[in-house]
Structure formats: C-alpha cells, structure tokens
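Subject: Structure for you to look at

Hello,

Here is the structure for you to open. My notes on what was found follow below it.

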Amino acid sequence: MSDIFPKWTNRLPALVLTGAALVGTAAVAGAWYYFTPKYSRVGYQPIQPVAFSHNIHVDQLGLDCRYCHNGVEKAWYSNVPSSTLCMNCHNQVLKEDARLALVRESAASGTPIPWVQVHKVPDFVYFNHSVHVNRGISCVHCHGQVNQMDEVRHAQPLSMSFCLECHRHPELKIRPVDKVYDLNWQAESETQQIAEGKRLMQEWNVQSLDNCSACHR
Amino acid sequence: MSESATPYGLIAEFSTPADAMHAAEKIRDQGFKRWDVYSPYPVHGMDKAMGLGNSKVGWFTFIGGVSGYTLGMVMIWFMNKFDYAIPVGGKPMFSPFSAFPPSYELTILLGAFGALFGMFIMNRLPRLHHPLLKHARFKLASHDRFFIVIECHDPSYRGDETRALLESLGGRNIEVVEE
Amino acid sequence: MAESANTVQGAPMIAPPRELERIPLVSNRRGLGWLSDAVAGISEKPTPRWWWYALAGSVGTMSICFAMIAYLMSTGVGVWGLGHPVMWGWAIVNFVWWIGIGHAGTLISAILFLLRQRWRTAVNRAAEAMTIFAVMCAGIFPVIHVGRIWFAWWLFPIPNANGIWPQFRSPLMWDVFAVSTYFTVSLLFWYMGLIPDLAVLRDRAKTKLRKFLYGLFSLGWLGANRHWSNYEKAYLLLAGLSTPLVLSVHSIVSLDFSVSQLPGWHTTIFPPYFVAGAVFSGFGMVLTLLIPLRKMCGLEDVITMRHVDLMCKVTLATGTIVGYAYGMEVFIAWYGGNPYEQFAFWNRAFGPYWWSYWIMISCNVIFPQLFWFRKVRHSLKVVWIISILVNVGMWFERFVIVVTSLNRDFLPANWGYYVPTWVDIMTYVGTFGLFFTFFLLFLRFLPIVAIAEVKGVIPQADPHHPLGGAKPGAHH
Amino acid sequence: MSSPKTHTEAPPLDLTRWRNVPNLLVASGAVLALLGLVVNPTQFAHSWLLGFMFCLSLALGALFLVMVHHLFDAGWSVPIRRFCEHIANLVFPWLAAFFVPVALFAPKLYHWMQVEDPHADHALHAKFPLFTWPGFYLISIACFAVWWWLAKNLRAASLEQDRTGAAACTHRMRRYAAGGIVLFAITLTLAAILWMKGMMYHWFSTMYGVYYFAGSVWMTLGTVYVITMVLKRNGTLTKVLHEHQFYYIGSLLFAFTVFYAYIHFSQYFIIWNANIPEETFWYVLREKGTWWYVGMILIFGHFFLPFLALLRIDLKLTFWWMTPICIWTWLMHYFDLSFNIMPSLHPEGFPIWWVWVDLGCLALMVGLLARAFLAAFQQHAPYPVQDPRLCEAMGLLAPCASPISGGDMDETEELADAMPETTGGAK
C-alpha cells in the first residue's frame with residue numbers, strides 16, 4: 001500500500017521529461033559554447049611587462065611587421081625581438097622615458113623582457129610561419145588586426161577547426177605576397193579574391209592539405 | 001477515504017491463478033472493456049483469457065532499431081567520407097563493413113530504448129498515484145493473490161449486478177475502490 | 001498424477017526413474033508468498049554485521065582505485081609499466097577481463113531466456129547486477145589509458161573545436177560504441193526486471209522513506225495483466241536485442257586484436273573464441289559470488305544445487321570451446337607455415353612468459369574438465385575453488401594474448417620484458433573495491449532474486465497445474 | 001504449451017506417391033554422374049566432392065544433434081532423436097563408400113598431391129607430414145572410424161533402451177556423447193581442412209572448422225524440420241509430437257542462421273581488414289567473375305532472407321511457411337559448399353555449364369542415402385518408445401505434489417476449499 005504519492009505526482013513524468021530536455025539542451029549548448037577556444041581563447045589579453053602598442057608602431061609610425069619579427073619569413077618561428085632591437089630607435093627616441101626602463105635594463109643586462117605569450121599552438125602541432133607568409137597568408141588571418149591593438153589580444157580561436165577552415169579553402173584567404181604584411185588590405189570583392197586566390201594556388205602549387213601529417217608530424 | 005469520494009471500480013480477490021483465469025474468461029465473454037486482472041507474476045494464458053491481442057511494443061523496437069541502423073550508417077558516411085575524409089590504412093573512406101559494427105550497436109541501443117519506453121508508453125507508466133494503491137488488501141497483488149478490478153467507467157458496469165457476477169465467479173472480499 | 005495416466009493419446013507414458021527425475025527449481029516446496037518473504041526479507045531485516053565489515057573493506061579498496069587514478073591523471077601514463085615494445089599492458093588486460101565477466105549476466109538474462117531455460121530466474125538478477133558493475137570497472141581502463149582524460153569525450157561523435165570526427169574504421173571506436181551500448185542496454189534490462197520486484201518491496205514497506213523510494217522507482221507498477229502483456233513483450237524484445245549485443249561486444253573487443261596484422265593477434269577464430277571465453281569467465285565469477293551468497297542470504301531453496309550443477313556445465317562447455325580455440329590457434333600457426341606466427345606461439349609456451357601460458361592452459365582447459373564428474377559439481381567447495389581458478393585463468397589468457405604477442409618484436413633489438421608497476425597493480429586491485437562496493441549495496445537494498453520471475457516458474461504459478469488450481473481433466 | 005494448433009485435423013499424409021523418388025534419383029543420378037565421369041573426369045571429381053561434403057554435412061549435423069541432446073539432458077528432442085540417429089549412421093558404410101571416389105580422384109582435387117618436391121614449396125613443407133599421401137588417407141580413415149563408432153554406439157544404446165527402458169542406457173549414451181563431442185570437434189575440423197580447405201593449401205583460417213560446422217548444422221536443422229513435419233502429418237509421430245518441438249527446431253534454425261552469418265562475417269571481415277595477401281587471395285578469387293554473385297546470394301540467401309523469415313514466433317509453427325525455408329537451406333548450403341570447392345577448378349566463375357554433373361552426383365548419393373535411411377527407419381521404432389524423457393517431450397510432466405507453504409504474509413489457509421492435491425495434504 002503506497003498512498004504517499006498525491007495525485008499531482010502523476011504529472012511528474014511529463015514535468016521531468018520537459019525539465020530534462022531543457023537542462024540537457026542548456027548543458028550541451030553551454031558546453032559547446034564555453035568549452036571551445038572560440039570562448040576560452042579568444043579575447044585573452046594579458047598585461048604585458050612593457051606597455052608596447054602595436055597601434056602606435058605600425059599604424060602611426062608605419063613599421064613593417066618584419067622589422068621586429070624578422071625571422072618570420074625564414075623560420076618556422078616568428079621571433080619576438082630582443083630588447084637590443086628596441087634600442088635601435090629608443091636610444092634616440094624617448095630615451096629617458098620611464099615606461100621604457102625595463103627595456104633599457106634588459107638591453108644592458110641581457111636578461112630578456114618577460115613577455116607573456118599570447119598565441120600558442122599545442123606541442124603536437126607543427127606550424128611553420130615562413131611557409132605561410134611566403135605563400136600569401138597574411139598575419140591578420142591568425143593574429144587579427146594587430147596593427148590596431150594597443151595591447152595584444154587573442155583574436156582568433158586557433159583551434160584545429162580554425163586551421164582546417166583555411167586549409168580546406170585556401171583560395172578564400174591567399175593573397176599576393178606583397179600584401180601579406182598589409183593588415184588592412186582586402187581584395188576588391190569576394191569573387192575577385194576567389195579568382196585571384198585560385199590563380200595564386202595554381203601558380204605556387206598550393207595544395208589544400210587536410211591529412212593528419214600535414215600538421216601532426 | 002472520504003465519504004464523498006467517487007467510486008473507481010469493483011475489486012474481487014482470487015486465491016489461485018486458475019480461478020482468476022476462469023473468471024477472466026467469463027468477464028471477457030460478458031463484453032467488459034475497462035477491467036484488468038492483477039497478479040504477482042505474468043500468468044501464462046491470461047492474455048487469451050482476457051481477450052488481449054498481441055502487444056504493440058514490437059513496433060517501437062522496430063522503429064528504434066531501423067532508425068539506429070540508419071543513423072549509424074549515415075553518421076559514419078557523413079563524418080568519415082563526406083565531411084572530413086581521413087585516409088587510414090589504405091581502406092575505403094566509407095565501407096559498409098567497417099561501418100557495420102557501430103551501426104549495429106546503435107541499432108540495438110535505439111531498439112532497446114524503443115522496447116523499454118514503448119512498454120512505458122503502452123502502460124502509461126510511470127504513474128505513482130493510483131486508486132488501487134490506496135486499497136488495503138491490494139498489496140497482496142504483488143505477493144500471492146490475484147485480483148480482478150472492473151472499473152465503474154465500463155459501459156457494461158451495472159453496480160450490484162456486476163458484484164453478483166464477480167461473486168458467482170468465486171471472487172472474495174469484493175469491495176468498491178474509491179478514486 | 002503420473003500413475004493415473006499410463007497412456008495418453010495412445011502413447012505409452014513412462015514416468016522417469018528416480019535417478020532421472022527433474023529436480024524442482026525451487027526446493028522444499030516453497031510457494032508464492034514464501035518467495036516474497038525470503039527475498040524481500042533480506043533487505044528488510046537489520047543489517048548483518050558482516051555486511052558492514054565487507055562494505056568498509058570494499059570502500060577502502062575502492063578509494064585505492066581512485067587514488068591511483070588521481071595519481072595517473074596528475075602525473076601521466078608513465079606511472080604504468082608500459083614501454084617499448086609492450087605498449088599495451090595491464091589496462092587492456094583488465095578491461096577485457098572485466099568486460100568478459102559481464103557476459104555471463106547477459107547470457108543468463110537474455111540467451112537463456114530465449115532458450116526457455118527456466119532455471120535462469122533464480123540467478124539472473126544477481127548476474128545482471130554483476131554485469132553492470134563489471135562493465136563499470138571495465139570502462140575505467142580505456143578511459144584512463146588515453147592520457148589526457150579530460151579529452152576522453154572526443155571519443156564520441158560530438159562536434160568539437162577540432163573540426164574533426166572520430167575515425168570509424170578503428171576497432172577502438174567500435175569498442176566505444178559496443179561498450180557504452182552494452183552498459184546502457186544492460187542497465188535498462190536490469191531495471192526493467194526490477195520494476196515488479198520494487199513494487200513488492202513498496203507494498204511491504206513499513207517506513208515512510210522505504211515507501212517513498214521503492215514507490216518512486218517501481219513507477220506505480222500494479223501488476224495489471226494488460227501491463228504484464230506489454231512488459232513480457234518488451235522483456236522478450238530486450239532479450240532478443242541483448243543476445244546479439246553480448247555476442248557483438250566481445251567480438252568487437254576481439255577485433256581490437258584480430259584486425260591487426262600482428263602474429264598471435266590476427267586470427268579469424270578470435271570473435272567466437274572471445275565470446276566463449278567471456279561467458280566462461282563470467283560464469284566463473286557468478287559461481288564465485290553466488291555460492292557464498294546463497295548461504296549468507298538463506299536462499300538455498302531458490303539457488304539450489306541444481307543451479308550450481310547447471311552453471312558448472314555451462315562453464316565446462318565454454319571452457320572446452322576455449323580449449324578448442326587454443327588448439328586451433330596453435331595448429332593453424334603450424335599449418336599456415338608462417339615463421340612469425342610459429343615463433344609467436346612458441347614464445348607463448350616456452351618464452352619468457354611461459355608461466356602465464358601454462359597457468360592459462362591449466363586453469364581454463366584442464367581444471368574445468370573436472371566438471372564432467374557429478375561428484376565435483378556437487379561439492380560446493382571444489383566448485384568454488386575451480387570458479388576462482390577460472391577467473392585467474394581468464395585474466396592470464398588476456399595477459400598472454402596482449403603481452404606475449406608484443407614482447408618479442410620482429411627484430412631482436414626490439415625485444416623487451418614487461419613488468420607492471422605498483423600503480424598498475426593497485427589500480428586493478430582497486431577496481432575490486434568498486435565492484436564489491438556496488439555489489440554489497442545491491443545486496444542490501446534491492447531484491448537479489450527476480451521474485452516475480454521465480455514465482456512464475458513454480459508449479460503453483462501454472463493455472464493448468466493442479467497446484468495452480470486447475471481441476472483435473474480441464475485441460476487447455 | 002497448449003495443444004497443437006490445427007494441423008492434426010488434416011487426414012494423414014499419403015506418402016505412397018513418393019515411394020519411387022529415391023529410385024528415380026539413383027537412376028537419373030547414376031546416368032548423369034557416369035556421363036560426367038566419361039566427359040570430364042576432373043569435373044566429376046569436384047562435383048562428387050561437392051555432393052559428398054553436402055551429404056556429410058547432414059550426417060555430421062545429425063550426429064551433433066544426437067550428442068547435444070544427451071549432453072544437455074534435453075527433454076523436448078526425444079521424439080526426433082531416433083531418425084537423427086539413423087541419419088548419423090549413414091556415415092558408415094554409405095558415406096565411407098562415397099568417399100572412395102574422392103580418395104581415388106584425390107590427385108585431381110588436391111593440387112598439393114601433384115607437387116613434385118613438396119619441400120620446395122614452403123606452404124607444403126610446413127604441413128609435413130599432414131599433407132602427405134599416408135597422412136591424408138590415414139586421417140580420412142580415422143575420421144570415418146570415429147564417426148562410425150560414435151553413431152553406431154549411440155544408436156545401439158538407444159535401441160537397447162527401446163527394449164529395456166533402463167536408465168543405464170541413458171547414462172551410457174551420455175558418456176558416449178561426452179567423449180564424442182570432443183572427438184567430433186577434432187575430426188570435423190580435420191575433415192573440413194583436409195577435404196575442403198586443402199584444395200587451396202596456401203590458405204589458412206582458424207575459423208574454418210567452425211565455419212563448416214555452422215553451415216552443416218544449419219542445413220541439418222532445416223532437414224530435421226521437414227522430416228519431423230512429414231512424420232507428424234503421416235501419423236508416425238503424431239502422438240508424441242507437440243507444438244514445442246517445431247518451435248525449438250525453428251528457433252535453433254534461426255540461431256544457426258545467425259551463428260553461420262556471424263562466423264562467416266567474422267572470417268571475411270578479419271581477413272579483409274588485415275589485408276594480408278597470403279590470406280586475401282582466397283576471397284579475392286571468390287570475388288571475381290560470377291563468384292561475386294554467388295557471394296551475394298550467400299549474404300542475402302544464407303542470412304538475410306531466412307533471418308527475416310524466421311523472426312516471428314508463430315511462423316515457426318506454420319508448415320506452409322517453414323517448408324520452403326527448409327528446402328531453401330539445402331540450396332544455400334549447396335551454394336556455400338560450391339563457393340568453397342569449385343573456385344579451385346573454375347576460377348573464372350560459377351560453373352553453370354557443369355551443374356548437371358553436380359546434380360547427378362548429388363542425386364545419386366541422396367537417392368542411395370534416402371533408401372538406406374528409409375530401410376533403417378522402418379526396421380526400428382520411429383521414436384525412442386521407452387525413453388525416460390518421453391512424457392516430458394509430450395508436454396505431460398508428472399507434477400510434483402507440493403503445498404503452497406506459508407510465510408509472514410501468506411494467507412493460504414484460506415485454500416480450505418481447494419482440492420487435497422493443491423495443499424499436498426499438508427493442512
């Protein structure tokens with residue numbers, strides 16, 4: 001004899017089912033959004049030891065990316081410049097500025113500035129900067145409009161699907177080599193980008209690689 | 001149980017499965033529709049005695065199984081051939097052979113869901129509150145007793161006449177169960 | 001009754017001589033009500049002291065398992081003894097062993113149901129519970145062996161940030177589907193069987209808490225025949241689905257090995273051989289558990305010597321099939337003429353792990369042959385010891401398959417010797433704690449024998465039987 | 001089980017019209033087989049082997065059914081056991097005699113016998129001394145000896161029980177079955193390897209013995225169903241047969257449909273996936289030419305069709321539905337064996353032009369076996385008349401008289417008005 005359940009409990013199955021469906025949907029949608037690099041990586045903007053502004057150096061002063069990141073065309077790695085490179089200018093410009101004290105100290109002592117790394121690919125991914133920039137992939141595609149950033153911000157997810165998006169359709173991104181470091185450049189129209197991109201792929205023999213060992217080797 | 005409660009049905013008690021079964025045959029022949037036999041275990045032959053047809057649960061399983069197999073095959077084709085083909089081991093991107101084991105498992109999984117939830121749907125379970133659960137002697141239905149309950153909503157239900165019928169069939173402790 | 005009808009429909013009718021009489025499934029002439037009392041009583045009586053001791057021991061052991069997993073997660077799979085060339089060690093051995101244990105439960109609940117073996121009713125509930133807990137223990141190993149456990153959900157075909165899908169040509173993916181389906185379906189099947197019995201406990205409940213919990217989980221089951229009709233159909237369908245499922249699970253586990261090209265793994269008899277081995281080890285475990293259980297819970301009249309006898313016979317049959325498979329492997333290694341295959345089998349029997357091979361052969365093939373003798377099958381002590389030996393032997397079978405095939409590579413420079421670390425060992429020991437914790441909780445709070453099903457197989461249940469109330473001559 | 005449905009009402013089947021069929025089979029088969037022998041001896045050898053393996057399937061399948069009946073202490077299968085014993089006994093002298101042409105034509109069938117230096121061929125060298133002339137013949141003789149010994153002794157004990165009704169006979173049969181099942185597994189495997197797999201001796205598969213076994217028992221169960229049905233309808237077994245015999249045979253047929261498919265799928269799939277040339281060549285050959293279609297016939301006809309046809313419980317008891325399926329098992333098993341045997345002679349495809357030789361050999365053997373079977377069947381009781389399990393098989397179990405005993409909540413004292421048997425006289 002189990003009369004301890006009042007009559008309304010007969011509606012429980014429907015209520016539980018509806019509730020479970022709602023909670024389930026919320027959980028899946030939440031995980032899908034919050035657990036992916038689109039949320040967890042994009043927007044990462046650490047405070048750097050030196051308040052270096054790409055905006056001032058690139059857009060206002062017109063420095064080329066390669067002036068500082070001078071290995072990017074030659075190596076897999078796009079180097080962060082040593083502080084002596086900063087001193088090329090800053091031994092003249094703002095030479096007494098307090099904001100640059102750390103740079104001067106580093107240049108004098110040889111201890112690197114402890115920059116906080118923003119962009120990172122996992123250890124098991126092989127990424128080669130020179131291959132990309134020499135074949136018409138601009139900095140902006142992975143790093144966003146760094147030329148407009150005062151403080152560097154993680155602009156793209158850099159997840160595997162992000163890489164794949166481009167690897168499957170390089171013609172949507174590929175551009176003439178002389179426009180690679182022009183972060184504001186855009187093709188006149190999408191159709192032109194595709195036509196030009198296809199032509200460049202043909203010319204450079206760029207393949208749409210999405211096999212595992214293209215990146216994991 | 002309050003005085004004003006509406007009656008739910010007439011309950012009669014039987015000691016042996018054979019008595020319950022003979023009673024069920026008679027009640028079936030009288031044309032009752034809303035009634036049932038309650039027993040601690042499924043009594044072999046009772047479906048026939050009550051005039052029940054084949055259970056429909058099989059259809060739920062069948063639909064579950066077919067959709068599981070289709071889902072498996074389509075999913076694997078979409079994932080490994082259409083959306084992102086991964087060349088491995090010189091094997092074709094999609095082969096009904098290598099796609100078979102997971103699709104087979106999905107067939108069984110969804111078929112099993114179909115069987116269980118089909119049973120729940122057909123039986124309108126879960127139903128935690130029921131007039132019979134308030135009846136004192138009804139707890140013996142899960143122990144060693146057999147009950148027949150004829151609901152008052154049955155079009156053939158005729159109060160005392162029905163009670164007399166149950167009595168003549170050997171039912172004991174005949175009582176009215178209230179809503 | 002038999003004597004009164006010497007001829008039926010003109011054919012002579014002979015009652016079997018005493019020695020060939022069928023022994024009743026429930027002994028001592030127990031009836032419907034007694035079954036409810038006996039089984040439900042186990043969870044209604046005050047908790048016996050041994051239960052607390054056993055639970056404390058199990059929980060303690062289980063915590064070792066979790067501690068080892070935490071250590072593994074924080075440090076990495078290097079804490080295990082894996083290394084070149086044996087890259088698969090205890091984790092896969094334990095996985096296959098535990099999942100094999102589970103197979104007996106499904107065999108009893110599903111295959112014997114389809115075969116109309118009514119003796120299954122006394123043991124199926126406990127065996128199914130064993131299946132579920134064993135699959136839980138098994139599931140731990142593949143999950144933790146992936147290294148970065150927090151990414152284990154990538155095994156499922158869920159869209160993720162990598163934009164890539166699981167690779168369905170890999171037998172390890174088939175495993176994911178097989179094992180998760182197996183667990184889910186076993187759980188559904190088990191729960192569905194429990195519903196009428198939970199209703200028994202609900203109807204007998206004295207305290208409000210018990211009324212509430214058993215009432216909630218029995219879902220308002222009334223035992224109406226219209227419900228039974230759908231219920232029996234669903235039960236039949238689940239049994240029909242579980243049968244190919246249980247065959248497929250261990251077959252797919254065997255494919256992990258056999259679709260490769262490694263000598264000692266690649267052999268076509270693996271699927272049926274693994275299934276037979278799984279059922280074999282599972283029955284070993286069922287016997288190990290039920291022989292003490294029937295005594296401790298006072299269920300000697302329900303789980304009778306006939307049940308033990310029959311389970312011994314299943315063990316014998318499957319053990320002999322496994323023996324046939326061992327023989328065929330060795331024979332075809334010789335027959336095929338492949339020197340690598342021949343070496344693999346020579347290495348098994350006489351290489352550095354010779355002892356594991358001979359433990360396997362003696363525990364799996366030789367000792368179960370004692371079950372040919374009725375005397376052995378009826379000595380509970382001997383049966384219990386052999387059942388444990390079967391468990392040991394089947395663990396070593398997986399060890400032999402995994403380790404001896406890997407430790408000698410094609411080049412002697414790639415030869416090695418695998419030794420488990422203490423973390424390997426303690427993780428495995430810890431899973432026993434997990435298993436027994438769940439099993440003890442099951443013993444205490446749930447009906448450990450399928451009450452409604454056993455009621456259905458005693459003579460009183462049959463309305464055409466005099467004990468069921470049938471009048472003589474009234475034959476349907 | 002309730003009483004049989006409707007079939008008993010029909011008048012007993014009159015089989016006299018069919019009594020000449022075995023003779024016709026023998027006569028026509030002999031003509032075709034002889035013609036085949038003259039026209040193309042190699043084809044004749046292969047066709048004969050095909051027919052022989054087909055008939056052997058039946059005898060070994062029946063022997064297996066008899067042995068598992070004893071091992072499982074089964075009750076339901078008592079009425080069908082006697083004719084299974086007769087079929088199993090066809091193994092000697094009949095099948096042994098049918099093996100003589102295989103033995104004589106062995107060099108035409110088994111290429112390894114013609115290899116000049118067996119030690120130059122590694123695959124053959126490795127099989128020394130199994131694949132030598134003495135090895136081949138000695139093992140063949142040993143296989144027949146084991147089968148003969150088992151079948152003869154099992155039937156002898158069974159016939160003795162017909163006279164004495166002694167339980168000792170049951171125990172004796174169990175002992176034969178216990179040892180026999182092990183010998184049976186070994187000999188059947190060796191026979192399948194030596195007589196069929198050995199045709200392409202470079203190939204190997206650990207599953208092969210099980211594979212032949214699965215197909216054989218499947219076809220045997222189909223045959224057993226037909227024979228049981230005929231014996232029920234002509235009145236011979238009507239009084240001992242019940243509905244559940246048909247249900248169980250049908251269920252076993254269904255189980256073996258799945259089992260065979262499982263075995264064959266596993267063998268194919270593992271070989272396909274590992275993709276090792278020394279194994280795949282066997283199947284590659286069978287995917288070329290019209291063999292591809294035979295393979296498809298096997299997938300659909302050997303599995304899907306019977307699987308779907310046998311799914312429903314009630315149809316397993318419906319004779320007009322089951323008869324075509326059972327006859328279909330013969331056809332499919334024939335295709336299965338042909339798929340195994342013939343590609344070594346006809347790699348280009350299924351030898352449709354030579355089917356008449358196959359059918360001739362098969363008809364000759366089946367005709368002779370049918371005559372032998374009928375003679376044996378008529379000589380003895382049609383079912384084990386004194387078997388202790390017979391009344392159980394008939395669904396007439398003697399009930400044990402036990403009371404419904406009490407418990408805390410048991411109120412069975414109220415059963416005062418019940419019959420004395422119900423309470424067992426306890427109260």
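Where chain A meets chain B, 14 residues of chain A and 13 residues of chain B are in contact (heavy atoms within 4.5 Å). This is a predicted model, in which local features need pLDDT of at least 70 and side-chain atom pairs count only at pLDDT 80 or more, while totals for chains, interfaces and linings use all residues. Residues are numbered from 1 along each chain as its sequence is written, chains are lettered from A and ligands numbered from 1 in the order in which they are written, and side-chain values use heavy atoms, leaving out hydrogens and water.

The size of an interface is often given as the accessible area lost when the parts come together. Between chain A and chain B the buried area is about 1200 Å², with 58% given by carbon and sulfur atoms (accessible area, 1.4 Å probe, lost by two parts on being put together, summed over both). On the chain A side, α1 (12-34) and α9 (160-168) are the elements that give two or more residues (helices are DSSP runs of H or I, at least four residues, numbered from the N terminus). There are zero salt bridges between chain A and chain B (a side-chain nitrogen of Lys or Arg within 4 Å of a carboxyl oxygen of Asp or Glu).

Chain B is divided into domain 1 (7-53 + 126-178) and domain 2 (57-123), with bounds from an automatic or database domain assignment. The C-alpha centres of these two domains of chain B lie 43 Å apart.

The C-alpha atoms of chain C fill a box of roughly 80 × 55 × 45 Å along the principal axes.

Regards
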